[in-house]
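Hi everyone, thanks for making time this morning.

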Amino acid sequence: SMTSSSNDSQQLGQLLQEPGSQQQQQQQSDYSDITEQFKSAACHLQLGELLQHQSFSLYDAMTAIEMMEPKMDSGMRLDREILHPQRSAGGPLMKLSDLTDAELLGVMDESLACLASWLDGESALQSVFINLYLQCIDKIECQPLRTFCHGLLCLLQRAKDVITLANTTDEEDFNPLLYGFEAAAAQAADDERITSALKEADDDIGRQVKAGQLAAGHRLVQHRLRLLRSLLLLLRQFHRMLQAMGGGGSADLPDSALSVTSAAAIDTAELVSPAAAEAAAEVRRQLESASSACASVAASLEVGQPAAGRDDPRLKAYGVQGFEPLANLRQLPPSFPRCVRVFERPAAVAYLARCLDCLRQFLTDVTPAACPSYQQLYTRLALVCGLSSDAPCFARSCLRLLYCCPAQQQQLHNYGINLGLGSARLFGRHSPVEFLLASVKQFCPIAAGADLNASVRQLQGQSRQLADSLCLQLGRALLHQVCPLFSRNRSRKREKLAACLDALWPLYESCYCLDRALFPNDECRSLFLPYLTFYLFRLSRLYLLSGFSLQLYARHELPSVYFMLGDGYMYFLLVGIVQADLAIQQQLQLTHNPYTKLSRQHHRYHQQVQTLYQHHLSMLRASNYLATATFYALAALHSDGKMQQLASPHQAGESSSFKHRYQPLLQRPFLPRSITCYTNLQTMWDSRTTFNGELDDSELDEGQQRKPASTPADVYAEATREFEKARDALVKVVNTASSSAGSNSKSAPSLATVCIEDWDGEAMIKVAKTNMVVTKLLAAGHRAGPQHPAELDFSVCPHYPVIKLLAPTAASSTAAAAAAPSSNGK
Amino acid sequence: AGCADGADAVAVSIDSLSLSEGHQQAQAECSPERMTALKFLTDCLGRLLRCTMIDGRVLVGTFACTDRDSNIILAGCLEYQSLADCLADPRDCRSLGLAMIPGNKLVKMELESFGQQQNDVSDGLRSDGSPETPAS
């Protein structure tokens with residue numbers, strides 16, 4: 001209230017009154033105190049009335065920082081002493097020696113929590129560097145603390161180098177700026193000295209505890225020191241492994257030439273050199289010790305002094321020696337001061353443990369031990385990359401460096417300078433061309449024949465040049481654009497998808513030409529084209545689905561989305577793959593000779609491998625059906641008047657917004673006729689929503705021509721059929737996946753490992769089944785007309801809605817409501 | 001004075017103090033005390049205000065907006081840790097941009113009183129809300 005605050009203000013005002021010096025009085029006379037005048041004048045304003053300057057708007061008012069509000073005002077002076085790295089050092093709140101073990105552990109645990117927060121994306125100034133000991137390390141007399149701080153800075157620098165070199169993080173994932181502490185961090189970069197100092201401190205404590213000089217609680221300090229040391233050693237070993245991978249092998253081969261290794265080498269090549277494999281084993285050993293150190297730290301977190309002041313800024317002290325969240329505020333740029341959320345200690349240690357777990361998984365999955373043949377690398381890599389979108393960014397960076405190790409030694413040495421991984425090779429030695437050929441071979445082994453590499457090498461002249469450039473471009477695109485696609489930032493992912501599509505579409509024609517050059521006598525046989533089309537299919541689908549999670553689609557755009565996902569666009573891509581599939585099946589039949597054991601073995605192997613790719617194909621086809629079915633259902637709902645917001649595609653400006661929305665997908669180079677996708681959409685929509693007029697169906701692509709429907713009920717029936725097809729296809733897919741999960745076929749990766757992104761088979765089946773029932777009801781004439789509105793429910797599956805029939809509006813007659821069957825369309 | 005609910009803020013346009021006639025509210029709005037008060041406040045708009053908060057910090061910025069509870073919005077606001085710091089070294093500050101100070105957190109308000117009046121042509125604020133540096 002006013003009165004009490006004015007009392008406070010009087011007292012405080014007296015405290016703040018400076019003793020009069022001439023100069024200050026001079027300056028003070030420039031300002032006149034208008035407090036009382038102002039406040040009484042302001043009382044004349046009415047409640048809710050604002051007095052504002054001409055150039056000031058209410059919009060500006062919204063963006064102002066509210067002072068004295070802890071969430072927005074990070075500089076809020078609290079009722080406690082703000083620690084300063086130089087001035088407070090040695091004082092009771094920032095002791096430099098004689099720290100009790102609770103205090104020491106408090107500092108160390110809080111530092112680990114801050115480190116985890118920094119790895120998670122907070123700025124270093126507001127996380128790691130709130131530990132003021134880091135700014136005056138040389139003054140610390142307590143040896144464990146001093147070595148710990150050195151180790152922390154070193155770890156900071158090393159981790160930052162790994163993450164910036166890998167370059168897979170987006171803005172909010174990680175903040176590499178150190179705001180003036182770069183020098184301090186760089187100085188601490190001598191990790192050999194630091195790891196030995198850590199070991200020494202560790203041993204010293206052990207000795208002293210045994211001798212009784214130190215309390216037994218100091219053993220826990222040893223755990224922290226060991227954790228830091230093992231993390232540093234891990235990073236050093238990882239660096240050595242990268243050097244071993246990148247240094248040897250075919251680093252001097254120019255990229256433009258196809259690899260001259262023989263076919264046998266491509267199939268069973270060692271993925272990495274023996275030196276690198278040994279280094280990888282060493283990394284794994286180090287990982288184990290780091291994980292166990294993490295676990296022992298996690299078990300003893302309650303001993304350290306807790307940071308009570310973190311949650312309650314009004315407390316007298318932050319709670320931990322030497323920590324001051326407000327110390328570095330001057331160095332922050334004048335942006336909106338964010339409230340930094342430092343991890344709780346158990347969560348922080350869990351985060352570090354998770355980083356290590358992810359790293360371990362990547363090392364096991366993407367190394368020779370897991371992939372007996374080079375061909376399987378493609379599936380493994382795709383799987384791992386897809387799963388890595390949830391991984392902490394540090395682990396993701398390590399993964400990228402792992403499979404995409406820079407070939408030149410200089411890149412590894414220039415820590416901190418990111419020279420880009422554009423020329424990097426798979427595991428440091430394999431050119432992207434080899435990778436591409438191997439995965440193409442795995443994709444269509446029958447079409448590829450026995451020795452793809454040889455057939456490519458046999459090409460002459462222009463075809464050979466075409467092959468060289470195409471393979472290089474495609475391989476590079478796959479390795480550097482498709483694999484690092486997955487990260488936490490979904491809008492960036494959508495941009496990256498668009499960039500991938502932009503990179504891949506121009507290669508379409510070249511793929512066709514190369515196929516014809518490779519198989520001049522066999523018109524139906526194609527290899528590179530279906531491979532490329534397959535990727536285009538997957539990426540386009542991901543692009544369209546990403547719009548859902550980013551909530552980009554307005555209600556009236558939904559029909560066009562399902563049009564693109566379903567028959568309108570994907571159909572064309574599907575046709576290409578299906579044709580290749582048929583050719584392969586034919587080949588399989590022709591070459592199968594059941595009388596020889598070798599042939600039977602080959603046949604079984606090929607069947608299994610084919611099943612892998614078939615499985616992928618059936619997943620895509622099933623989602624295709626579901627999308628088409630949804631499109632029909634939406635058209636029927638619109639024409640029935642149940643959902644008015646689904647505007648027809650004919651509105652003004654709709655055509656250009658369609659082009660804009662689907663721009664990366666509309667680049668296909670040769671269309672069967674000179675018809676745009678949008679016209680297709682128009683005709684498909686019209687044929688299902690206008691019922692009395694003449695319809696010109698002749699312009700549609702083949703396969704989309706249908707008999708024009710005569711009533712909404714017909715369209716509902718069409719939708720029902722499609723939902724049924726979708727349901728059957730989905731059930732088959734899910735069953736094959738689960739049944740093969742039990743089988744242990746060593747020669748081919750199990751189907752369960754084939755993942756297609758953004759796929760939830762169970763949810764999609766539920767949607768298909770429910771919608772099938774609903775559209776069947778509607779087709780039979782129940783609940784017809786606009787008085788029974790319908791709604792789309794995205795809670796079951798975020799990409800495909802469930803159609804919900806709502807309660808009839810008040811306009812409907814009670815008789816109609818009573819007559820309709822009481823079954824609620826779910 | 002029987003105003004509408006405080007949920008919607010009604011901006012008083014200072015330029016047009018013409019009020020609808022015959023309205024009872026208009027009568028209250030016309031009172032001479034209110035007119036002088038509003039004139040005083042309007043004169044302060046666009047000028048440098050130095051505000052001291054209850055935790056001792058000093059904020060210096062261009063006065064942009066206020067309301068009945070003396071909540072103040074300052075544009076181009078600079079934050080000093082104390083009055084002593086502000087006087088000792090004017091550069092030892094943090095730039096906050098637009099800041100809102102709740103009226104009950106204010107201890108003291110000081111208005112710069114050098115002779116240069118802000119004339120109508122330049123209203124003291126640039127288009128992005130930061131103040132033009134006053135010629136000293």
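Residues are numbered from 1 along each chain as its sequence is written, chains are lettered from A and ligands numbered from 1 in the order in which they are written, and side-chain values use heavy atoms, with hydrogens and water left out.

Let's start with chain A. It has 30 helices and seven strands; helices (H or I, at least four residues) and strands (E, at least two) are DSSP runs, numbered from the N terminus. Of its 826 residues, 54% are buried, and buried means under 20% relative accessible area, with exposed over 50% and partly exposed in between, using a 1.4 Å probe and protein chains only. For contacts, meaning heavy atoms within 4.5 Å, take the pairs in chain A at least 6 apart in sequence: 78% of them join residues at least 24 apart.

Back to helix α8 of chain A, residues 191–210. Its 20 residues reach 28 Å from first C-alpha to last, close to the 28 Å expected at 1.5 Å a residue; that expected span is 1.5 Å times one less than the number of residues. Its buried residues include Asp191(A), Ile194(A), Thr195(A) and Leu198(A). As a reminder, an α-helix has 3.6 residues a turn, so residues three or four places apart point the same way.

Next, where is Pro392(A)? Look in the loop between α13 (376–387) and α14 (393–403) of chain A. Pro392(A) is buried, with a relative accessible area of 3%. Not counting residues up to four places away in sequence, Pro392(A) touches Tyr351(A), Arg354(A), Cys355(A) and Cys358(A).

Now, chain B. Its 136 residues are 44% buried, and its secondary structure comes to three helices and six strands, running β-α-α-β-β-β-α-β-β from the N terminus on. An unreviewed UniProt entry lists residues 39–111 of chain B as "domain: Sm"; such positions are given in the numbering used here, feature names are shortened, and annotations may be inferred rather than shown by experiment. That span is 16% helix and 53% strand, and its end C-alpha atoms lie 15 Å apart.

Where do strands of the two chains pair? Strand β2(A) and strand β3 (residues 58–67) of chain B pair in the antiparallel sense over three bridges, and pairing here requires that DSSP finds at least two bridges. One bridge joins Gln52(A) to Cys65(B). In β2(A), Glu49(A) and Leu51(A) point one way, Leu50(A) and Gln52(A) the other, and all are buried. In a regular strand the side chains alternate between the two faces of the sheet.

Last, a word on confidence. The mean pLDDT of chain A is 75, and 71% of its residues reach 70 or more; pLDDT is the predictor's confidence in each residue, from 0 to 100. Over residues 812–826 of chain A, pLDDT stays under 50. Where pLDDT is low, the predicted coordinates should not be read in detail.

Key:
This is a predicted model: local features need pLDDT of at least 70, side-chain atom pairs count only at pLDDT 80 or more; totals for chains, interfaces and linings use all residues.
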